[in-house]
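Open the model in your viewer and keep the sequence panel beside it. This tour tells you what to select at each stop and what you will find there.

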Amino acid sequence: MNDLSNRRIIVTGAGGGLGEAIAIACARKGADLILSDFNEVTLQRTLERVEEATGAKPGLHLCDLSDPASIAEFGKAVEGPVHGLINNGAIATGMGGIGFEDIEIEAWDKLMQVNVRGTWLMIRAFAPHLRDSGSGRVVNLASDTALWGAQNLMSYISSKGAVMAMTRGMARELGPDKVGVVAIAPGILRTESTEYVPEARHRLYETGRAVPGPQGTEEAAAVAAFLVSEPAITLTGQILPVDHGFVFN
Ligand SMILES: NC(=O)c1ccc[n+]([C@@H]2O[C@H](COP(=O)([O-])OP(=O)(O)OC[C@H]3O[C@@H](n4cnc5c(N)ncnc54)[C@H](O)[C@@H]3O)[C@@H](O)[C@H]2O)c1
């Protein structure tokens, strides 16, 4: 029943590590995919990997999540219903290890524009398509760092805290139209985006998880693919840590 055939799913940030894994997980379930990123090179790379892994032929759309006009244009360019929107695109690397007193205002603002405003505007741009589908699902990428209060990562955790709050409010606004909105909160994954993170932080996670050890992208991707399926409506409004039991929500 959580099959995605006949469901059109959009994945943002599809050029990145988790985005690619989510695209493959959705394609394996038969989704009709539209993959998006602002990086044409990595988006094309994901397309090739999805084709190679699954034989699927996703559509591509370049979109800059920091640019409201680019997001609005994306919404207009897609005709017909959309069954799932996975808001995975974000500034997700390079902002850690900086104390809150040392964050550049410009960097803070940019991160909020992409991670928070971009998520809101994507949902706004695709709300008509999601309603039209009769079973629209939104999956927002949060992070468990916002749940346990990771230090020296203030701009990022603030943005993901906002995404969690938005998820709950949007779930109530869109619920009457049968559109579900959830957030998943991965812990630190072994992705290119976290290669810069000091080993001590990786170790903190790897020894602190209920299921100790490193975590790749596959399980979080599989959960995201379930959450855009029809039965996932029952989880609307929930924030789901997908971190092998590092935090319990
Ligand atoms: N990797 C982790 O450990 C981890 C943990 C918790 C949450 N997350 C979340 O998962 C998601 C994916 O993370 P990732 O590790 O794959 O990171 P990543 O940096 O590999 O991927 C992020 C993607 O977003 C795209 N992006 C950035 N700015 C954009 C913009 N202005 N417009 C359009 N696209 C833009 C990038 O090009 C990239 O492809 C993010 O939301 C991240 O915050 C990741």
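Two strands pair if DSSP finds at least two bridges between them. Helices (H or I, at least four residues) and strands (E, at least two) are DSSP runs, numbered from the N terminus. This is a predicted model: local features need pLDDT of at least 70, side-chain atom pairs count only at pLDDT 80 or more, and totals for chains, interfaces and linings use all residues. Residue numbers start from 1 along each chain as its sequence is written.

**Stop 1**

Seven of them form an open sheet in the order β3-β2-β1-β4-β5-β6-β7, with parallel pairing. Look at the edges, where β3 and β7 (239-242) stand. Each has a single partner strand, so one side of each is left without a neighbour in the sheet. From one strand to the next, the twist averages 20 degrees. (Axes are lines fitted to C-alpha atoms, for helices over the stretch in contact, and angles run from 0 to 180 degrees between N-to-C directions.)

**Stop 2**

Select residues 8-11 and 32-37. These are β1 and β2, which run parallel and are joined by four bridges. Find Val-11: Leu-35 in β2 stands opposite. Now follow the chain from β1 through α1 to β2; this β-α-β crossover is right-handed. (Right-handed means that, with the strands pointing away from the viewer, the path from the first strand over the helix to the second runs clockwise.)

How many of the six residues of β2 are buried? Five are, so β2 is largely enclosed by the rest of the structure. (Buried means that 20 or more other C-beta atoms lie within 10 Å of a residue's own; exposed means 12 or fewer, partly exposed is in between, and C-beta atoms are placed from the backbone.)

Ser-36 faces His-61 of β3. Show residues 40-54 as well: this is α2, and β2, α2 and β3 make a right-handed β-α-β unit.

**Stop 3**

Select residues 84-87, strand β4. Gly-84 and Ile-86 point one way, Leu-85 and Asn-87 the other, and all are buried. Three bridges join β4 to β1, and the two run parallel. The bridge partner of Ile-10 is Leu-85.

Asn-87 has Asn-140 of β5 as its bridge partner. The chain gets from β4 to β5 through α4 (residues 105-133), and this β-α-β crossover is right-handed.

**Stop 4**

Show α1, residues 17-28. It lies across β1, β2 and β4, at about 170 degrees to β1. Then show α8, residues 218-227. This helix lies across β4, β5, β6 (180-186) and β7, at about 175 degrees to β6.

Stay on α1 and pick Glu-20, which lies in this helix. Is Glu-20 buried or exposed? Glu-20 is buried, with 27 other C-beta atoms within 10 Å. Leaving out residues up to four places away in sequence, Glu-20 touches Ala-14, Thr-46 and Arg-49 (contact means C-beta atoms, placed from the backbone, within 7 Å).

**Stop 5: the ligand**

Select the ligand and the residues around it. (A residue is near a molecule or strand if its C-beta atom, placed from the backbone, lies within 6 Å of it.) The shell holds 30 residues; Gly-13, Gly-16, Leu-18, Leu-65 and Ala-90 come nearest. Helix α1 gives the most to this shell, with three residues.

Colour the shell by class. There are 12 nonpolar, 15 polar and three charged residues. (Ala, Val, Leu, Ile, Met, Phe, Trp, Tyr, Cys and Pro count as nonpolar, Asp, Glu, Lys and Arg as charged, and the others, Gly among them, as polar.)

**Stop 6: two loop residues**

Go to Asn-152, in the loop between α5 (145-148) and α6 (154-174). Asn-152 has a positive phi of about 60 degrees, although it is not a glycine. With 15 C-beta neighbours inside 10 Å, Asn-152 counts as partly exposed.

Finish at Lys-178, in the loop between α6 and β6. Lys-178 also is not a glycine, yet has a positive phi of about 65 degrees. Lys-178 counts as partly exposed, with 16 C-beta neighbours inside 10 Å.

Key:
Two residues are in contact if their C-beta atoms, placed from the backbone, lie within 7 Å.
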